[in-house]
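Q: Please take a close look at one strand and its pairing partners. Then go on to other parts that can be described in the same terms.

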Amino acid sequence: MSTPSDNLLDREVAGREWEGLRDLALRSNPQLNQELIERAYWRAWEVHRDQKRLSGEPYFSHVLAVARTCAEMNLGSDAIAAALLHDSIEDSPVTAEALAKEFNPTVSLLVDGVSKISGLRFESREKAQAENFRKLLLHMSRDVRILLVKLADRLHNISTLEPMRPEKQKRIARETMDIYAPLANRLGMGRIKWQLEDHAFKYLDPSAYGRVASMVGMQREAREEFIVTMRDRLQESMNKNGIDCAVQGRAKHLHSIHRKMRSQNLREGEVFDLLAFRIITATVEDCYHALGVIHSLFTPIPNKFKDYIATPKRNGYQSLHTALVGAEGRTIEVQIRTQKMHEIAEYGVASHWRYKEEDKASPTASGDAERELDFLRTFIQDLEEGEWSEDPSEFMEELKVSLFQEGIFAFTPRGDLHILPVGATPVDFAYSIHTGVGDRCIGARVDSKMVPLRRPLTSGEVVEIVTRNDARPSRDWLSFVKTSKAQSRIRKSIREQESEQSESLGRELLEREFKRNRQSMPDEAALKLAAEAFGMDSVDRLVQGVGRGSVSALQVFHRVHPPEDKKSGIIESAQKLTQLATSLGGRRQKGVRVEGHGNMLIHFAGCCRPVPGDRIVGVITRGRGVSIHRQDCVNIVGDRIAEERRMRVDWDAGEEEKFLVSIQIHGDDRKNLLADITGQISKSDVGIQGGSFRREEKDLSALVQVTIEIRDLKQLEKIIRDVRKVSGVRQVERV
């Protein structure tokens, strides 16, 4: 039997669906611009009428579902129209300019903000993902509804993943759990948050999802009977005490049940203890009155009461929370809130925004909404000022960390309020004031007393930052700062300092080398040609490379003044080695290509163990062919190896080829440290070839060295990042 969505290509069926959307939207807001939404509806129908989703459904069913969610959130006419048109730019020749003319600039802005970057090719999916998030966040600074439409879009996409490949299902689910659900939470959108989490849970841990869903399904009849009994008893008590309210009862959502069962080590039969009730009142006074009534009815559980009305959550959420031992000895959770608080808890920022339909004025928000959006404004300001990392992996990690952080608040001596994540330090506070203050920070006074810069702040403290004009950020700060702004700025400053030092040292080494050979320093044009020969885009990069040791001063000298006899010597040596390789029956080492030579004895140097992604150089050895080193290997930098013994080599490795590399981990000497480290490494599907463990008695630490088999540098860097997350790990470095 077909459903309306199966026949949405039929105009008559589409017309009935339009009436359903219109009625839903008008129930939330009778003042909506119905004519604008209707034009957008039929324009979207025309754009998508010939398109199908992977499931075989008409693509139009997707944009219709997104529009319905936006109507339920009461986002206004422009946002509902944009929801209908949100895929028009990506999926058809329609442009943002055309939408602005056909509808209005606000609809165009919203559609363009939600659309992915098109017309550009990225070197990796990770890079594309990072750039699309940057675009989304930057556009959102002009209208927060861009993000709300995007959340509605993701909600329908995550609920329709069935036809996709398992690996794509998991990738989208992980992105949803790591980014979109926390974003919804930070915006106070509880209903959207739990729906996103439940759908993502289904694909991230199918077996656990199946167990929880089956358990809840089998107990539904008994659970619903208990909920009805408890709800009626609570409602009766409220009525007797003259409290005008509505009582609701429900089971926790699937992901919430799973998370709580794991954290509290609950068995399946104890899921009855995870029931929740809401009492929605007319006034704040009634909330506290209702709390007193239920505490007189049932035994409250100590330390489970939380007053989020007096002290709202960072995202604006307000409720009284308590846990009770209810009928039959079962634990129940009760939330008490006003109707307005309930709307904010369900739809967060969306519940605050109201739009002037007549003159299309910019949206305005209540004071609560302004405070809710503070963290996003800081987010976007840092993004606009280039404070976020350009590296896609770092950017996405910073984004995830920022979204999960809970907040504290601290004040400047002048009384300015700054909201920071839990565990933030005076350095984070300094950077929240201004980048320049953070860069020049040398100390801090908290409540008029000097404190260490690594000391965590607590809410309500007054923080005064001590600065010095010639101060610079310290690398050590990265071990304790919590905010993405501080982390990004410190990394940027360290890179700048290292570049300055490398450039100064590199210029000194070059001048010394040219002077030693009785030549004057070449002009910029000659150095530019040398830089290009080494694959560098500027003279500065070349000079910095000399300072870092990735290219020697002698190599640069020989590029500017090539020694003809030595060049021929290299070729002659190479030819001899080729003959030797052939005569010995030696096979070419996989993974590396020697320029101009196809059958040469090659081996990887054990001193630096290069992997694909490292910058490498070949060194001619006696009787062993060419040894492949990293360009920064201590055994070949500077003048240790004569120029005529060096050969250009390039990576030529297939995805199936593996390379050995060792990492060293310094951490706390605790139980199961080694097991946790190897377990984290194993998650990346790499082979562990060996390892060692040594205790350092003097500081109660441990030194772990692990040799692993990997594909390339990118995989190694990910493993190092993952190992750094293991509890007790202080430092991870490549050996």
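A: Gly249 has Phe277 as its bridge partner in strand β2. That bridge joins β2 (residues 275–281) to strand β1 (residues 245–251), and the two strands run antiparallel with seven bridges between them. Two strands count as paired if DSSP finds at least two bridges between them; strands (E, at least two residues) and helices (H or I, at least four) are DSSP runs numbered from the N terminus. The model is predicted, so local features need a pLDDT of at least 70 and side-chain atom pairs count only at pLDDT 80 or more, while totals for chains, interfaces and linings use all residues. Residues are numbered from 1 along each chain as its sequence is written, and side-chain values use heavy atoms, with hydrogens and water left out.

β2 also pairs with strand β6 (residues 331–338), here in the parallel sense and again over seven bridges. In that pairing Arg278 stands opposite Gln335 of β6. Seven of the seven residues of β2 are buried, so the strand is largely enclosed by the rest of the structure. Buried means under 20% relative accessible area, exposed over 50%, and partly exposed in between, with a 1.4 Å probe and protein chains only. In a regular strand the side chains alternate between the two faces of the sheet. In β2, Leu275, Phe277, Ile279 and Thr281 point one way, Ala276, Arg278 and Ile280 point the other way, and all are buried.

Strand β20 (residues 701–710) can be read in the same terms: eight of its 10 residues are buried, so β20 is largely enclosed by the rest of the structure. Its antiparallel pairing with strand β18 (residues 659–668) has 10 bridges. Val704 of β20 is the bridge partner of Ile665.

An open sheet of three strands has the order β10-β9-β11 with antiparallel pairing. Its edge strands, β10 (449–451) and β11, each pair on one side only. Neighbouring strands of this sheet are turned by 35° against each other on average, direction ignored. Five bridges join β9 (residues 441–446) to β11, and Val466 in β11 is the bridge partner of Gly443. Helix α21 packs on the sheet and touches β9, β10 and β11, its direction making about 85° with that of β11. Axes are lines fitted to C-alpha atoms, for helices over the stretch in contact, and angles between N-to-C directions run from 0 to 180 degrees; contact means heavy atoms within 4.5 Å. Six of the eight residues of α21 (residues 426–433) are buried, so this helix too is largely enclosed by the rest of the structure. The buried residues are Pro426, Val427, Asp428, Phe429, Ala430 and Tyr431.

With a relative accessible area of 29%, Leu478 is partly exposed. Leaving aside neighbours within four places in sequence, Leu478 is in contact with Gln487, Ile490, Arg491 and Ile494. The C-alpha atoms of Leu478 and Arg491 are separated by 8.0 Å, and the two residues are 13 apart along the chain.

Helix α1 (residues 11–28) and helix α3 (residues 60–72) pack at an angle of about 20°, their axes 8 Å apart. α1 and α3 are therefore roughly parallel; angles under 35 degrees count as roughly parallel, over 145 as roughly antiparallel, 65 to 115 as roughly perpendicular and the rest as oblique. The contact is made by Glu17, Gly20, Leu21, Leu24, Ala25 and Ser28 of α1 and by Leu64, Ala67, Arg68, Ala71 and Glu72 of α3.

Helix α2 (residues 34–48) packs against α3 at about 155°, with the axes 9 Å apart, which makes α2 roughly antiparallel to α3. Tyr41, Ala44, Trp45 and His48 of α2 meet Phe60, Val63 and Leu64 of α3 in this contact. The remaining pair, α1 and α2, packs at an angle of about 145° with axes 11 Å apart. Residues of α1 in that contact include Trp18 and Leu21, and those of α2 include Tyr41 and Trp45.

As a whole, the protein has 29 helices and 21 strands, and 50% of its 735 residues count as buried.
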